[in-house]
Protein chains: 2
Amino acid sequence: MTEFSIRRLDAGNDEFSSQLDQLLAWESVADQQVEAAVTEILSAVRARGDAAVIEYTNRFDRRQLQSAAGFCLDKPALQAALGRIPAASRAALEVAAQRVRDYHKHQLQSSWQYRESDGTVLGQQITPMEKVGIYVPGGKASYPSSVLMNAIPARVAGVDEVLMVVPSPDDHLSDLVLAAAAIADVDKVFTIGGAQAVAALAYGTETVSRVDKIVGPGNIFVASAKRAVFGQVAIDMIAGPSEILVICDGKTDPDWIAMDLLSQAEHDEQAQSILLSPDAEFLDAVADSLQKQLRELPREAIASRSLADRGALVLVRDIQQAIEVSNRVAPEHLEVSVDEPEQYLPLIRNAGAIFLGRHTAEALGDYCAGPNHVLPTSGTARFSSPLGVYDFQKRSSIIYCSPQGAETLGRVAATLARGEGLDAHARSAEYRVVSD
Amino acid sequence: MTEFSIRRLDAGNDEFSSQLDQLLAWESVADQQVEAAVTEILSAVRARGDAAVIEYTNRFDRRQLQSAAGFCLDKPALQAALGRIPAASRAALEVAAQRVRDYHKHQLQSSWQYRESDGTVLGQQITPMEKVGIYVPGGKASYPSSVLMNAIPARVAGVDEVLMVVPSPDDHLSDLVLAAAAIADVDKVFTIGGAQAVAALAYGTETVSRVDKIVGPGNIFVASAKRAVFGQVAIDMIAGPSEILVICDGKTDPDWIAMDLLSQAEHDEQAQSILLSPDAEFLDAVADSLQKQLRELPREAIASRSLADRGALVLVRDIQQAIEVSNRVAPEHLEVSVDEPEQYLPLIRNAGAIFLGRHTAEALGDYCAGPNHVLPTSGTARFSSPLGVYDFQKRSSIIYCSPQGAETLGRVAATLARGEGLDAHARSAEYRVVSD
């Protein structure tokens, strides 16, 4: 049994602002050795394709691949995995997939155009990306739900080909992960991981097609490789540890709220669980419940370390102040466990996903509520959004000038172009100004 | 006078695919010395704030700043610049700004919610970012149009505070740039640039507020600094050289098309101008016109170098083949100079902006047509979009379970959570399953 401790803070305290800064401080380790290794792997795969992928995979994942065929799984192989998993798991994955699909269809964007009085047409055309690659971690942390959350928005967006990479260390592969790939209609799975998998997707090899975007979480090598290929392909945000911030008026069962905090803390030792309440006795009750329930958890050691290092129970003046603190934290997950929670929505500026009401456990959002569980972490909800269909679509502007429109706009453009010293711009516009 | 040359290619040639790869090859120089300098500047500004910004600015821009007040311009200073510029320039900037504003309003996204049969509500809330920073290059390349194109979408999105940085080497500042900032309703201008300006915006100093996103083009130091702070703040894409791809049936005046190609080539020596036509004689006529018109341009040396190094006139079988080639290039600007160009829109997959018809010079899009001129370059239109209002908004998922919804979803979530070995997740969901 591990010692239980969790930080207690008071938002009314003068020191609170700097205490909060300290609590939130987190930065991914920018390790020189990791960067150097990743640079080497990226250039090897870029230069030598499959051969390099096979070498690194055999070395890092302790495999005995002879050829690229050894790391390819096609749709029948995925279907076979789907046939092997327990019926209850399959049913749950299918319900979750359908709900995720239904929700994400609301995110589809449409092309639009409008015509101006002189006949000029302006607009925006939406098209899906052609190919995307999904990184799925393998080994100890095997998350079929991540497969659904990454692949389904791409499919809803209309992406032509969805590829997935998942490492298979010591030839271990999760049937649940492969089954989820079957349900999410992934086209091909490559059982490779690490920087070598990111390189294969970014540059292409004889076997792996170059993709337009790489999404999905991974370890420090994967994150570092994604950062390095950013620009060559699109990537999603670099994910930090998972976080929850719960705002509670003190009237939800403290065991429920404690377990919500623990469900975040059990993810990893760096995960962050914060509770804000105006009710000091409720904070005490949650602390007691945390201590009690922690002992019943298989992942007790991880969760207790997370609570001790990064957790906090914070006394606030009222729910408004709690929301101000939350906007500053910009949490990945925000639970608003109060009466009539919808009244607070207009005040919430920064949050990845907002869970309203006492019955909405954050864990529902991780699996099957419908919205995506890939969410901005470490305060990046200030400027980024949940993974969505919009991440797999792109826009092209449309400009179609009528002769009259070209005349009016040509004069304006020529004036501005000459102001910037760009003569050919001005002349090109003026060619279409005929009535001078 | 410089020697004129431009590459001639034939898309029907066996070698064409590899010739095209060579033509498109371009990668930003990843210079170790630049990276090291940028790393030093970023950490100095992070540690010492304004003092470091002042030191670097005095050193690199040859200025004599004594305090941070020396690099701040408020709204009255911007209005004063607006009063100093020529009336024609002001009128043109105002027309351009209004058209850009009107177009971008079509990009505003709305929050949405829907209720399921058991009373569970799902949705997505859209909020603007709080603060954004716009980088505007100073010195020789002074582009007031860039100020409009970067600031107006942020304002339309509802961003609370729009900050701008523009270096002022040797105390030189463009009134046109400041006037554009006034018209675009920028809140504050800081006359600083380089990695030190990016650092100030990313980390904040005593004088410069930390922003949520940094947009706008810059030199290699700026691009490298933006890449380094990515994650700490959002950034736009790293811009490469500008490009145009023109598809013409041969029936547009060759002088017009030649000038369109030149308007791209005059930007810089690395800019790329490509013409695709099924009419070999038309390609000859455009080549002749390029040679002739080049000599009349103030920026002849730059444009001729760009055409020689990176330009191409390409014979294609027909317009369909031209579009296939264009989709592979994924050009920043695509002109479709043919009859009834709108019929080809559904075939166009990858392009930043599409200019339809013989009257739509690309230059109109640079200044005043309405759509943004900040567009994906170097093939990144495969996965990215013009700068837009959506770049300054973000989304939060909303989940509000009814007691019945929490019960149904709780069972599914618990099954999946146990499959992933996450017991606290399962228990947290099960607390809300009451009718067991």
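What follows is a short exchange about a predicted model with chains A and B.

Guide: Local features need pLDDT of at least 70 and side-chain atom pairs count only at pLDDT 80 or more, while totals for chains, interfaces and linings use all residues. Residues are numbered from 1 along each chain as its sequence is written, and chains are lettered from A in the order in which they are written.

Visitor: How do you know which surface serves both copies?

Guide: Contact means heavy atoms within 4.5 Å. By that rule 122 residues of chain B and 122 residues of chain A take part. Of the contact residues of chain B, 100% recur in chain A, and the same surface serves both copies.

Visitor: How is the size of an interface often given?

Guide: As the accessible area lost when the parts come together. Buried area is that loss with a 1.4 Å probe, summed over both parts. Chain B and chain A bury about 10,800 Å², with 58% of it on carbon and sulfur atoms. On the side of chain B, Arg349(B), Arg382(B) and Arg432(B) lose the most area to chain A, together 8% of what that side buries.

Visitor: How is chain A divided into domains?

Guide: The bounds come from an automatic or database domain assignment. Chain A has domain 1 (7-25 + 240-369), domain 2 (32-235) and domain 3 (401-430).

Terms used. Side-chain values use heavy atoms; hydrogens and water are left out. Buried area is the accessible area (1.4 Å probe) that two parts lose on being put together, summed over both.
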